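Let us take a walk through this model together. Keep the sequence and the 3D view side by side as you read.

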Amino acid sequence: MIKQCISIVLVSVLSLFSSSSMAHSGHDHDADVAIIKVSNAQVREFLPATTSSVGYLSIINHSDTVATLTKATIDGLGRVEIHEHSHVDGMMKMQKVESLTINAHQQIDFKPGGYHLMIFEPQEPLKVGQQRKLTLYFSDGNRVFTNAQVVSLASQAEQSQASKQHTHH
């Protein structure tokens with residue numbers, strides 16, 4: 001009788017596993033998840049007597065799925081917002097963005113005059129050369145972690161000038 005009960009339990013357990021694996025056969029969970037790569041993340045040190053600074057980075061969506069960035073955080077900063085510059089009636093305006101859609105196989109560069117991170121409320125001073133953990137949050141629940149290099153205004157200006165010269169040649 002005990003052997004018969006054990007046999008029934010084993011058959012039940014095995015059938016449970018085989019039916020769940022059958023339910024997932026041909027179904028790839030990874031196909032629904034965006035593959036995001038972040039590069040060149042940097043934040044500028046706060047200038048004397050300022051209450052905000054800026055961060056730049058590049059985000060590439062290597063998947064066939066749209067990704068929607070909803071939030072960013074940086075260790076040691078109380079608040080990080082996604083912003084964009086736009087031209088409205090001949091004027092350059094900056095506005096907060098609640099979410100940013102990154103299409104499949106698209107790269108978005110956060111740079112001067114475009115998308116950027118506005119950073120506020122440092123809990124301790126940012127020092128040039130430091131690395132700060134940057135976390136990007138997406139609408140599907142995924143998060144991407146990277147390090148943002150703390151840079152000076154002068155080095156950011158040099159990088160911006162170098163990239164403009166490189167694109168014009």
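The paragraphs below go from strand pairing to charged side chains and then to aromatic rings.

A word on the ground rules: this is a predicted model, in which local features need pLDDT of at least 70 and side-chain atom pairs count only at pLDDT 80 or more, while totals for chains, interfaces and linings use all residues. Residues are numbered from 1 along each chain as its sequence is written, and side-chain values use heavy atoms, with hydrogens and water left out.

Strands here, like helices, are DSSP runs numbered from the N terminus (E, at least two residues, for strands; H or I, at least four, for helices).

Now to the charges. Side chains of opposite charge can pair when their charged atoms come close. How many salt bridges does the structure hold? There are three, counting a salt bridge as a side-chain nitrogen of Lys or Arg within 4 Å of a carboxyl oxygen of Asp or Glu.

Arg79, Glu81 and Glu121 are linked in a network of such bridges. Arginine 79 meets glutamate 81 with the closest N and O atoms 2.5 Å apart, and the corresponding distance from arginine 79 to glutamate 121 is 3.4 Å. Glutamate 121 lies in β8 (residues 115-122) and arginine 79 in β4 (residues 77-88), so this pair ties together parts that are 42 residues apart in sequence.

Arginine 79 is partly exposed at 34%, and glutamate 121 is partly exposed at 42%, whereas glutamate 81 is buried at 11%.

Setting aside neighbours within four places in sequence, glutamate 81 is in contact (heavy atoms within 4.5 Å) with Lys96, His116, Leu117, Met118 and Phe120.

The remaining salt bridge joins the side chains of glutamate 124 and arginine 132, at 3.3 Å from N to O. Here glutamate 124 is partly exposed, with 43% relative accessible area, while arginine 132 is buried at 6%.

Finally, the rings. A charge sits over a ring if NZ of Lys or CZ of Arg is within 6 Å of the ring centre and within 35 degrees of the ring normal. Lysine 71 lies over the face of tyrosine 137, at 4.9 Å from the ring centre.

Conventions. Buried < 20%, exposed > 50% of the residue type's maximum accessible area, 1.4 Å probe, protein only.
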